[in-house]
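Trainee: Could you walk me through this one? I have not looked at it before.

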Amino acid sequence: MSFNLENKRPTVIAGPCSAENRDQVLETARELKKNPNVKYFRAGLWKPRTRPNSFEGVGENGMIWLKEVASEVGLPVMTEVANAEHAELALKAGIDAVWIGARTTVSPFSVQNIADALKGTSVPVMVKNPMHADLGLWLGAIERFSASTKGEVAALHRGFSNYTQQKYRNAPMWELPIGLKAELPDTILFCDPSHICGNTDLLQSVSQKAMDLGMDGLMIETHSNPSNALSDASQQITPDDLVSLINALEIRSSHHKDSVPDRDLSSLRIKMDSIDEQLMELLSGRMEISKLMGEFKKQEGLTVLNLERWKEIVMSRMNWSKELGLSEEFILRVLEQVHKESIRVQTNIMNHGSNSHKD
Ligand code: PEP
Ligand code: MN
């Protein structure tokens with residue numbers, strides 16, 4: 001069994017974030033089966049929730065529903081395994097493929113335990129990138145599975161977590177999957193726009209970008225009734241919406257193994273786009289803090305401008321930038337512009353009590 005079942009992109013893996021009950025699993029799977037692009041059904045049984053006291057999945061009890069999807073609906077099924085016990089249960093049940101979640105890829109010990117549990121088997125494994133932007137951990141996990149199992153080991157790009165609230169739930173940082181492809185050109189690479197976006201509005205553009213970078217397929221969270229989903233409700237779409245999303249994709253060229261070059265101009269442009277996107281997000285995060293400071297200053301009767309603080313800002317940033325090899329003149333100009341905008345925003349708050357863009 002392979003993740004690249006046909007040469008027609010995109011190969012799609014779809015299904016709910018979590019298996020919740022038999023009806024939800026089977027209803028979603030039956031609708032997805034009508035979509036010829038969908039080659040695998042996904043559903044999480046053990047949910048790695050960041051905070052306790054939220055739905056943590058139905059566990060082993062849901063295995064029987066996944067087996068029904070495979071045998072009755074006729075879609076191969078996959079689930080996440082986060083430890084050796086999950087892997088053994090998945091093997092025992094005859095699950096068609098497994099994926100390794102982002103929270104597991106960060107831990108070489110966990111990865112090795114799962115790789116040992118799957119030793120010598122031919123179950124295909126899809127490895128999500130780790131939570132943070134560390135290409136070595138992602139490559140390392142792929143290498144551990146490749147050394148242990150006989151099945152296909154593929155990569156799944158799901159973005160990288162942010163500290164502050166930003167445009168994406170998990171920043172795509174496209175240069176990382178490109179870097180992975182440069183190191184392991186033969187590895188099948190999928191994108192998971194659902195966990196990158198965290199909402200449904202950006203799914204189309206992220207899926208398109210993945211296709212434009214020559215990725216092989218997409219994993220998209222799909223639920224028969226997304227607003228009632230017990231996990232990741234805001235990012236799931238219905239099977240009908242998945243059909244529209246796939247139909248609206250432009251698949252610009254057929255897939256070549258070397259369609260994600262690492263050293264040419266287009267690859268440098270992708271890296272630059274990604275850095276600029278992060279710069280914009282950082283600037284927007286800085287401006288949000290500036291607004292909060294404006295509100296505080298207003299409440300406390302403080303002036304917008306504090307010359308001492310501004311001098312400190314210039315001094316410290318100039319030192320940081322010198323260490324980074326940036327020209328002092330350039331950084332001073334950037335800082336002045338950023339500071340000017342910050343003063344404009346805070347002055348608005350003082351005068352109008354809001355952060356509107358009117359001057
Ligand atoms: C998931 O696929 O539902 C999931 C938990 O993903 P991630 O590991 O990317 O957070
Ligand atoms: Mn999810």
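This is a predicted model: local features need pLDDT of at least 70, side-chain atom pairs count only at pLDDT 80 or more; totals for chains, interfaces and linings use all residues.

Trainee: Okay, how many helices and strands are in the protein chain?

Mentor: The protein chain has 13 helices and ten strands, and its C-alpha trace spans about 70 × 45 × 40 Å along the principal axes.

Trainee: And how much of the chain is buried?

Mentor: Of the 359 residues in the protein chain, 49% are buried. The accessible surface comes to about 17,900 Å², and carbon and sulfur atoms account for 53% of that surface.

Trainee: What about contacts between residues at least 6 apart in sequence, how many join residues at least 24 apart?

Mentor: Among those contacts in the protein chain, 73% join residues at least 24 apart.

Trainee: Which domains does the assignment give?

Mentor: The domain assignment gives domain 1, covering 5–248, and domain 2, covering 260–358. The C-alpha centres of domain 1 and domain 2 lie 36 Å apart, and twelve residues of domain 1 are in contact with eleven residues of domain 2.

Trainee: Switching to the ligand, which residues are around ligand 1?

Mentor: The residues around ligand 1 are C17, R42, K47, E80, W99, G101, A102, R103, K128, R158, H195 and E221. Sorted by class, this shell holds three nonpolar, two polar and seven charged residues.

Trainee: Where do polar side-chain atoms sit relative to the oxygen atoms of ligand 1?

Mentor: R42 places a polar side-chain atom 2.7 Å from an oxygen atom of ligand 1, K128 has one at 2.8 Å from a ligand oxygen, and for E221 the distance to an oxygen atom of ligand 1 is 3.2 Å. The protein covers 97% of the 300 Å² of accessible area that ligand 1 has on its own.

Trainee: Next, helix α7: why is it described as largely enclosed?

Mentor: Helix α7 runs over residues 175–183, and because seven of its nine residues are buried, it is largely enclosed by the rest of the structure. The buried ones in α7 are E175, L176, P177, I178, G179, L180 and K181.

Trainee: What do those buried residues of α7 pack against?

Mentor: They pack against the helices α6 (135–148) and α11 (265–300), and also against the strands β6 (153–157), β7 (160–161) and β9 (189–191).

Trainee: What about L203, is it buried or exposed?

Mentor: L203, which is found in helix α9 (residues 203–212), has a relative accessible area of 1%, so it counts as buried. Leaving out residues up to four places away in sequence, L203 touches P193, S194, C197, Q235, I237 and L245. One of these, I237, is 34 residues from L203 along the chain, and the C-alpha atoms of the two are separated by 9.5 Å.

Trainee: Last one, where is N35 found?

Mentor: N35 is in the loop between α1 (22–33) and β2 (38–42).

Trainee: Why does N35 count as buried?

Mentor: Its relative accessibility is 6%, and buried means under 20%, so N35 falls in that class. A polar atom of the N35 side chain lies 3.0 Å from the backbone nitrogen of N37. Not counting residues up to four places away in sequence, N35 touches L242, V243 and I246.

Terms used:
Residues are numbered from 1 along each chain as its sequence is written. Chains are lettered from A and ligands numbered from 1 in the order in which they are written. Side-chain values use heavy atoms; hydrogens and water are left out. A residue is near a molecule or strand if one of its heavy atoms lies within 4 Å of it. A polar contact is a pair of N or O atoms within 3.5 Å; within protein, one must be able to donate a hydrogen and the other to accept it, and residues adjacent in sequence count only if both atoms are side-chain atoms. Accessible areas come from the Shrake-Rupley method with a 1.4 Å probe; for residues, only the protein chains shown count as cover. Ala, Val, Leu, Ile, Met, Phe, Trp, Tyr, Cys and Pro count as nonpolar, Asp, Glu, Lys and Arg as charged, and the others, Gly among them, as polar. Helices (H or I, at least four residues) and strands (E, at least two) are DSSP runs, numbered from the N terminus. Buried means under 20% relative accessible area, exposed over 50%, partly exposed in between (1.4 Å probe, protein chains only). Contact means heavy atoms within 4.5 Å. Domain bounds come from an automatic or database domain assignment.
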